[in-house]
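Subject: Structure handover

Hello,

Here is the structure for you to look over. My notes on the pocket and the salt bridges follow below.

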Amino acid sequence: MSDHDGGGFLWFLTGLGIGAALGVLYAPKSGRETREVLVNKAEEGRDVVVERAQRAKQQANQWVDKGRDMLNQQKEQFKSAYDAGRQAYREATESETKA
């Protein structure tokens, strides 16, 4: 479902860009003004893409950190359980030896 939402947003941005470009092209402005507007809109679009890429990278890093923390937590729990089992085995074998 998230793929569909992301694709829809990209189509929305594409349509927005095309609509803006057509609107600028048909506006009653000189060629120089039209080119300046097109360049400005292209720079704005680039900035939006760069910002979204940075946010996606930050979110991916957060997920990696969270996964690493969960893995370390599981390793600690496993080690504690292993040590407890080992200690219980030692105590059980020592008590049998004494008896």
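Helix H1 (2-25) and helix H2 (31-98) each give at least two residues to the lining of the largest pocket. Helices here are DSSP runs of H or I with at least four residues, and strands are runs of E with at least two, numbered from the N terminus.

The ground rules: this is a predicted model, where local features need pLDDT of at least 70, side-chain atom pairs count only at pLDDT 80 or more, and totals for chains, interfaces and linings use all residues. Residues are numbered from 1 along each chain as its sequence is written, and side-chain values use heavy atoms, with hydrogens and water left out.

**Pocket**

The largest pocket holds about 340 Å³ of space. Its lining has 13 residues, and Leu13, Leu16, Gly17, Lys41 and Gly45 are the closest to the centre. A pocket is an open set of points on a 1 Å grid over the protein atoms alone, where a 1.4 Å probe fits and protein lies on both sides within 12 Å along at least five of seven lines; lining residues have an atom within 4 Å of a point. The volume is the space filled by probe spheres set on the points, which are joined across faces, edges and corners.

H2 supplies the largest share of the lining, 7 residues. By class, the lining has 9 nonpolar, 2 polar and 2 charged residues. Ala, Val, Leu, Ile, Met, Phe, Trp, Tyr, Cys and Pro count as nonpolar, Asp, Glu, Lys and Arg as charged, and the others, Gly among them, as polar.

**Salt bridges**

The count is 5 salt bridges. The rule asks for a side-chain nitrogen of Lys or Arg within 4 Å of a carboxyl oxygen of Asp or Glu. Three of them are worth a look.

- Lys41, one of the residues closest to the pocket centre, pairs with Glu44, with the closest N and O atoms 4.0 Å apart. Both sit in helix H2, 3 residues apart, about one turn of the helix.
- Arg46 and Asp47 meet at 3.7 Å, N to O.
- Glu51 and Arg55 meet at 3.3 Å, N to O. They are 4 residues apart in helix H2, so about one helical turn separates them.

How exposed are these side chains? Glu44 is partly exposed at 45% relative accessibility, and Lys41 is partly exposed at 42%. Asp47 is partly exposed at 44%. Arg55 is partly exposed at 45%, and Glu51 is partly exposed at 42%. Buried means under 20% relative accessible area, exposed over 50%, and partly exposed in between (1.4 Å probe, protein chains only).

Best wishes
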